[in-house]
Amino acid sequence: MKKQFMTSLRGKEEIRKDDASIHFRGCLDTVESIILYIGTVARKSGEENVAKCMGELLDICGKLMRADVLQKPMNDFSLMGMSADELHERSHFPDRFYGCAFSFRETDIDEISALINILRTKIREMERWAVASFARMDNDRQDIIQAVNRLSSAAYVMLCARKVGEF
């Protein structure tokens, strides 16, 4: 009988529930829930472009989970018509692309932007767990770590684009 503090990682491979890999998967699950909620709010608000983007994000999250569970490579992705590398660049140079940066202490933002900011912070937490889980000699998954980093970039780009009315 399996001990209650253990869980299955892949097939019959058991691992403690407080292992970094399980924290990563838990964060991924939470990120997916937040994405679903933002998509629902966006659809109710008539913001189909945001709802569509949340569907794309959800698809990428599914690919992340499959890459982890099946130990397959995480391929590059595009979102909002941009490659992962372009999203990364835009997140580092928002002034160049949007003429501004998003301040995380603005209180006069709309509900969807506030929700996207919550999503961004949870993705950043997921990235820390990805590093703890996948930046090890026995499990070096730079592809997953980079993909999660690019999701964080995407969330920030969404916020900057919304600030100037482009998303």
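This is a predicted model: local features need pLDDT of at least 70, side-chain atom pairs count only at pLDDT 80 or more; totals for chains, interfaces and linings use all residues.
| Helix pair | Axes come within | Crossing angle |
|---|---|---|
| α3 (residues 84-92) and α6 | 8 Å | roughly 55° |
| α5 (residues 111-134) and α6 (residues 142-163) | 9 Å | roughly 165° |

**α5 with α6.** The axes cross at roughly 165°. That makes α5 roughly antiparallel to α6, because angles over 145 degrees count as such. On the α5 side, the contact includes Ile 112, Ile 116, Ile 123, Glu 127 and Phe 134. On the α6 side, Ile 144, Val 148, Asn 149, Leu 151 and Leu 159 are among the residues that take part. By class, the residues of this contact are 15 nonpolar, four polar and four charged.

**α3 with α6.** Here the axes cross at roughly 55°. α3 and α6 are therefore oblique to each other. From α3, the contact draws on Ala 84, Asp 85, Leu 87, His 88, Arg 90 and Ser 91. Their partners in α6 include Gln 146, Asn 149, Arg 150 and Tyr 156. This contact has five nonpolar, five polar and three charged residues.

**Asn 149.** This residue lies in helix α6. Is Asn 149 buried or exposed? Its relative accessibility is 19%, so Asn 149 counts as buried. Leaving aside residues up to four places away in sequence, Asn 149 touches His 88 and Glu 127. The side chains of Asn 149 and His 88 are joined by a polar contact of 3.5 Å.

Notes. Residues are numbered from 1 along each chain as its sequence is written. Side-chain values use heavy atoms; hydrogens and water are left out. Axes are lines fitted to C-alpha atoms, for helices over the stretch in contact, and angles run from 0 to 180 degrees between N-to-C directions. Helices (H or I, at least four residues) and strands (E, at least two) are DSSP runs, numbered from the N terminus. Angles under 35 degrees count as roughly parallel, over 145 as roughly antiparallel, 65 to 115 as roughly perpendicular and the rest as oblique. Contact means heavy atoms within 4.5 Å. Ala, Val, Leu, Ile, Met, Phe, Trp, Tyr, Cys and Pro count as nonpolar, Asp, Glu, Lys and Arg as charged, and the others, Gly among them, as polar. Buried means under 20% relative accessible area, exposed over 50%, partly exposed in between (1.4 Å probe, protein chains only). A polar contact is a pair of N or O atoms within 3.5 Å; within protein, one must be able to donate a hydrogen and the other to accept it, and residues adjacent in sequence count only if both atoms are side-chain atoms.
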